[in-house]
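Hi,

Here is the structure I promised to pass on. Have a look at it, and then read my notes below.

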Amino acid sequence: MAVMTTPHISADGISRHFGGLIAVDQVDFAVPRGEIRAIIGPNGAGKSTFVGMLCGRIPVSAGRIMFDGKDVTALPAHKRIRQGIAYTFQITSIYGRLSLQDNVRLATSWRWGNDERAIQNTIEESLEKVGLADRMDQMAGDLSYGHQRLLEIAMGISQHPQLLILDEPTQGLADSEIAGFVKLIRELGGDMTILLIEHNMNVVMDTADQITVLNLGKVLATGTPADIRANREVQIAYLGETHA
Amino acid sequence: MIEKAGMTDARKSLYFHLGLIGALFILQFILPAYHHGNLARIMVLACYAMGYNILFGYTGLLSLGHAMFFAAGMYGMGLPMVHLGWTPEPALISAIAAGVVVSAGIGFLALRTSGVSFMIVTLMFAQAGFLTILYFGEWTRGDEGFVIKQAERVMAGFDLSQPVNRYNAALILFSICLLLTIRLVHSRFGRVMIAIRENEERTHMLGYDVHFHKWMAVIMSGTMAALAGAAYALLFGYAGATFASVQYSIFPLLWVLLGGAGTALGPFVGTLFMFYLIDLSSSFTTAYMLIAGLALVLLTLFLPQGLVGEFRRKVVPWLS
Ligand SMILES: Nc1ncnc2c1ncn2[C@@H]1O[C@H](COP(=O)(O)OP(=O)(O)OP(=O)(O)O)[C@@H](O)[C@H]1O
Ligand SMILES: [Mg+2]
């Protein structure tokens, strides 16, 4: 299916410097609505910095970001979130001293005004999707690390975003939880545009429509999973010259 | 241990605090004159501490400059009464206005910083406020302060220098501040304040304007402190620069820590506790601050969540 419409999210030559270090270097990027796009690359490639700029957590040093046809480069993060971007952190970030229910409530309640029923339904439905519905009243801080990551994903999907950004969501999950996660992402894809930073190549191959490879702050390659698997430059970046 | 969603918990907590207000009302018929007078003063100071608690206990911002908000209310009340001959009613409005303006201005500037810098900046502003009061000694009479005459302290027909009226005025103010705090904590705005305290970055990335919420918290906190300052001037007939000094910025922090930060009742319990700790120890030694300090150290070591905080943790988890 050819997608001729404007991209759902796009970056136009965005860069980010930290002092002398160039973490992201003039990246162009475009994802059509409903696509699941994996972003891969070695440690320190600039993946987190890159998506951080898309969601507004990290200001750009240069370049322009368009979301849903609008220039959002200067928009503060909380406004981008309210326009339909949800973001989960690479290092789990939840409210450890609040219940799971209250965690999700904070994520979703602003969407619903005073409709307490809708809020409650969304909380239950979102926790259900990650398999934590029966722990609604527990303190989030008492959950295992893997469950805390799932809670954060539930918070993300409870916002019913148009664009969901997940930074290494499967890190620390058990194999069975990863399988559940892959299934969930496939269900969500199509409705939502999803950007998925992921080190687990099985997860990438099982979910992504397209893959963007970052290396040293630049886009090394973009293509289908099959393209990327066959790409020699990618093999070098990942495995080193000798194995290529 | 943290505020929960259920209606029933909110209601239980409300009844508990209404019960306490009832008990304070009845106490006035039982207490001997000395303690009756003390309690009126403690209730007013507890309002100051409750204001402080909104910012420190619920939003997680540690200010070292709240004396300037207390003083804004105190002088916003006292100066127009003494120099312009205003009655307490319009003077109360000018005191509240002073609280809003000062806290909005200082909050706007101080919130450009965070953490330790926020503490330092609020401390500096308060020090500047203190020096300003001394500088305009012609009107404020500086450290010495000025007295508001008994005849002028009549509000809605009640002579507020009379112990009974004074006690009940303090109780009304105390009830308003306490119920406002509980209302705030259970409101959506209050939940976002708590969310900021618990995890600021997450809160921002869930779609909340963290900076705006913090600013509003400073304004609510500062205005409640100013209201307490105004009531203090009116009920006890005195305004002086001591109340704008660093010491009076530290007091509400200690009261709130002692009683329990982020609990509605903690500020009152902390104020009460410290008042009598100093009162009792000063009756048999001149080194009473040493005793007070020691008690503080012991309490923070063994009851890190404060008296009410520990009580809530162990006995009544539904308390606001
Ligand atoms: N706040 C910061 N200050 C200074 N340098 C930073 C900052 N954030 C990231 N960097 C640097 O920028 C580069 C890119 O980091 P980034 O976290 O975006 O990489 P990544 O691809 O997400 O890596 P990983 O796979 O380890 O998560 C790294 O060299 C990192 O040390
Ligand atoms: Mg990263």
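Why is helix 3 of chain B largely enclosed by the rest of the structure? Because 14 of its 17 residues are buried (under 20% relative accessible area, with a 1.4 Å probe and protein chains only; exposed is over 50%, partly exposed in between). This helix covers residues 67–83 and reaches 23 Å from first to last C-alpha, close to the 24 Å expected (1.5 Å times one less than its number of residues). Just after it, B:Gly85 has a positive phi of about 70°. Helices here are DSSP runs of H or I with at least four residues, and strands are runs of E with at least two, numbered from the N terminus.

Before you go further: this is a predicted model, so local features need pLDDT of at least 70 and side-chain atom pairs pLDDT 80 or more, while totals for chains, interfaces and linings use all residues. Residues count from 1 along each chain, chains are lettered from A and ligands numbered from 1 as written, and side-chain values use heavy atoms, without hydrogens or water.

Now the interface. Chain B and chain A bury about 2200 Å² between them, 55% of it on carbon and sulfur atoms (accessible area lost on being put together, 1.4 Å probe, summed over both). B:Arg202, B:Met205 and B:Leu206 supply 30% of chain B's share, more than any other three residues. Three salt bridges are counted between the chains (Lys or Arg side-chain nitrogen within 4 Å of an Asp or Glu carboxyl oxygen). A:Arg97 forms one with B:Glu198, their closest N and O atoms 2.8 Å apart.

Cheers

Definitions and conventions: Buried area is the accessible area (1.4 Å probe) that two parts lose on being put together, summed over both.
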